[in-house]
Amino acid sequence: MSVTEPANSTPKKRPRINVRKPEIMREVEAQVQQHYASSLLEKIKANNHQITLGNNTFHLAKSQGFCYGVERAIDLAYATREAFPQANLYLIGEIIHNPVVNKQLSDMGIVTLPWKELSADYDQLGSEDIVIVPAFGAPTHFMKKLTEQGCHIIDTTCGDVMKVWRRIKSFTKDNITTIIHGKYNHEETQATISRARGDNDDQHFVTIFDEQDAGILCGYITGEVDEQAFIQRFTGRTSEHFEPARDLIKIGMANQTTMLKEQTQAFQKQIGDAVIKRDGNADNYHLFDTICGATQDRQNALYDILKLDLDLFFIVGGYNSSNTTHLVEISEQQLPTYFIREASCLENLESIWHYDLEQKQEVQSQLKLPQDFNTDSHLNIGITAGASCPASLIEATILKIVELRK
């Protein structure tokens with residue numbers, strides 16, 4: 001890290017660095033293909049998204065793995081290192097929620113900075129340093145700090161996330177309180193919250209996560225829940241000095257882009273109905289559909305593949321990936337589903353390490369195979385992955401299952 005400029009100097013935003021030059025991107029494409037692509041998955045897609053290997057037929061969801069936003073973020077990170085092989089490169093948190101990808105960036109010498117708070121590490125940044133903003137984006141006070149420190153910024157924020165921010169900006173200009181459906185401690189939601197505060201940090205928001213949150217919020221709007229119950233439920237998840245009676249008159253709803261589409265839509269209708277019940281019309285309710293296209297595509301593709309007669313389902317991805325988690329929630333309602341990081345989680349046909357959503361930790365358990373299963377039994381296996389999972393990890397999982405079944 002370099003020495004910062006004097007405190008009394010005027011912060012200046014550095015000129016944008018163009019790392020997407022043709023000669024750089026040709027090299028980046030080769031590296032990304034080597035690290036994350038899968039020739040097997042291309043063959044499966046060409047064969048109507050299924051393949052039989054031994055006594056296993058694998059059914060691959062028609063939409064799975066890296067989305068455009070993730071690919072762009074990875075490309076930009078690789079291109080930055082390619083363009084500046086000797087520079088100090090830093091990344092706010094994780095580029096995406098996949099441990100394999102993040103380890104690869106670490107191996108390339110990209111140093112991780114804390115994302116939950118502005119630590120002393122940020123005070124040491126200077127004009128010779130380059131900081132990569134992840135696909136989730138970063139809160140406005142982080143961006144301001146980077147500018148004050150005079151470092152270069154490579155912003156990989158997903159376009160769908162920025163679309164949410166633009167909508168929220170229109171809310172704040174009209175003094176509309178933003179209701180955000182999302183996980184409060186998720187990087188994207190924290191970045192979105194900072195935009196909901198407005199340019200002068202004086203606008204209001206409240207975050208909701210589940211049916212209970214939506215019920216209490218709507219109950220307050222309709223007068224069926226008192227202010228104390230509302231405050232007790234949402235303490236720590238609203239803007240400072242939030243006054244429900246004042247701040248829940250004009251409301252607009254947005255969401256973390258990777259939430260479960262059906263749940264967000266249910267909350268949108270529930271809140272709209274509550275406003276109509278209170279006011280007699282929906283004039284004070286502003287709605288914007290902000291589930292990203294890639295999230296919708298992967299959820300829709302999962303619903304389609306679950307119509308097949310499957311024995312098991314494997315979902316591959318980082319355990320802290322929101323969009324992957326929602327795929328698991330959908331699948332495990334219908335058949336035995338295993339959420340794994342990578343192929344090594346499969347130790348043998350009896351034992352598997354996987355993430356348990358209820359226990360919120362990785363656990364070891366037995367595979368729930370059909371009752372009449374034996375070594376010669378044919379298995380129909382469904383497989384997909386969230387938007388942050390490389391195709392190479394899906395391929396490795398398929399090959400590991402085939403290996404274990406000889």
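In what follows, a residue is called buried under 20% relative accessible area, exposed over 50%, and partly exposed in between, with a 1.4 Å probe and only protein chains considered. The model is predicted, so local features need pLDDT of at least 70 and side-chain atom pairs count only at pLDDT 80 or more, while totals for chains, interfaces and linings use all residues. Residues are numbered from 1 along each chain as its sequence is written, and side-chain values use heavy atoms, without hydrogens or water.

The whole structure contains 15 salt bridges, a salt bridge being a side-chain nitrogen of Lys or Arg within 4 Å of a carboxyl oxygen of Asp or Glu. One of them joins R341 and E362, whose closest N and O atoms are 3.2 Å apart. This pair links distant parts of the chain, 21 residues apart: R341 belongs to the loop between β12 (337-340) and β13, and E362 to strand β14 (residues 361-366). Helices (H or I, at least four residues) and strands (E, at least two) are DSSP runs, numbered from the N terminus. E362 is partly exposed, with a relative accessible area of 30%, and R341 is also partly exposed, at 27%.

Strand β13 (residues 351-356) includes S351, which counts as buried because its relative accessibility is 12%. The side chains of S351 and Q364 are joined by a polar contact of 2.8 Å; such a contact is a pair of N or O atoms within 3.5 Å, where, within protein, one must be able to donate a hydrogen and the other to accept it, and residues adjacent in sequence count only if both atoms are side-chain atoms. W353 is found in strand β13 as well, and is partly exposed at 29% relative accessibility. Its C-alpha atom is separated by 8.9 Å from that of Q366, 13 residues apart along the chain.

A second salt bridge connects R233 with D213, with 2.7 Å between the closest N and O atoms. R233 lies in helix α9 (residues 227-234) and D213 in helix α8 (residues 211-222), so the pair ties together parts that are 20 residues apart in sequence. D213 is buried, at 2% relative accessibility, whereas R233 is partly exposed, at 30%. Both residues belong to a network of salt bridges that links D210, D213, R233 and R237.

Within helix α6 (residues 159-173), K163 and D160 lie three residues apart, about one turn of the helix. They form a salt bridge with closest N and O atoms 3.6 Å apart.
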